[in-house]
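Reader: Please show the structure, and then let us go through it by question and answer.

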Amino acid sequence: AMRSAVALAYCVVHSMMHLVRVFLLHVALNTSSSAVFLIIVTNNFGEIKSTVFKKYSPETLFPIITSDIVERFYLVFDILVVLARLACSPRRGANSWVDILA
């Protein structure tokens, strides 16, 4: 029973984190200024800077590559959710999904 409760709590927290990522991406795409998008992009530079200039062996590089693949999959999935949300939106303004893709 305890393992089930822990697994359920983990799933809820994990799902909420993804919803927050989708929400932030949606806000970043819909803002007229690029300030939020700039914050999201510059946030990744610290991660790049800390990993690019280190020397890795093949054994330590494999977990980094696999976690990067998973993170990119999450990002693509989040972008698809945001674009689907924009496609279903009744408001067709300057920030519709057609304008974002163009």
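Reader: Is arginine 21 buried, partly exposed or exposed, and what is its relative accessible area?

Author: This is a predicted model. Buried would need a value under 20%, and exposed a value over 50%. Arginine 21 falls in between, so it counts as partly exposed, with a relative accessible area of 32%.

Reader: Which residue forms a salt bridge with arginine 21?

Author: A salt bridge requires a side-chain nitrogen of Lys or Arg within 4 Å of a carboxyl oxygen of Asp or Glu. For arginine 21 the closest N and O atoms of the pair are 3.1 Å apart.

Reader: Is aspartate 68 buried, partly exposed or exposed?

Author: The relative accessibility of aspartate 68 is 30%. Because buried means under 20% and exposed over 50%, aspartate 68 counts as partly exposed.

Reader: By the ring-centre rule, how many aromatic pairs are there, and is the pair of phenylalanine 73 and tyrosine 74 stacked, edge-to-face or tilted?

Author: The count comes to one aromatic pair. In this pair, phenylalanine 73 is exposed at 56% relative accessibility, whereas tyrosine 74 is partly exposed at 27%. The ring centres of phenylalanine 73 and tyrosine 74 are 6.4 Å apart, with 50° between the planes, and the pair is tilted.

Reader: Where is phenylalanine 53 found, and what is the accessible area of the nonpolar patch?

Author: Phenylalanine 53 is found in the loop between α2 (35-52) and α3 (58-88). At 70% relative accessibility, phenylalanine 53 counts as exposed. Val41, Phe45, Ile48, Val52 and Phe53 form the patch on the surface, and together they have an accessible area of about 510 Å².

Reader: What pattern does the protein follow along the sequence?

Author: The protein has four helices and zero strands. Of its 102 residues, 11% count as buried. Read along the sequence, the pattern is α-α-α-α.

Technical notes
Residues numbered from 1 in each chain as written. Predicted model: local features only at pLDDT ≥ 70, side-chain atom pairs only at ≥ 80, totals over all residues. Heavy atoms only, no water. Helix = DSSP H or I, 4+ residues; strand = E, 2+ residues; numbered from the N terminus. Buried < 20%, exposed > 50% of the residue type's maximum accessible area, 1.4 Å probe, protein only. Patch = residues over 30% accessible without salt bridge, like charges linked within 9 Å, V, L, I, M, F, W, Y side chains within 5 Å. Areas by Shrake-Rupley, 256 points an atom, 1.4 Å probe, with all protein chains shown as cover. Phe/Tyr/Trp six-rings, centres within 6.5 Å; stacked < 30°, edge-to-face > 60°.
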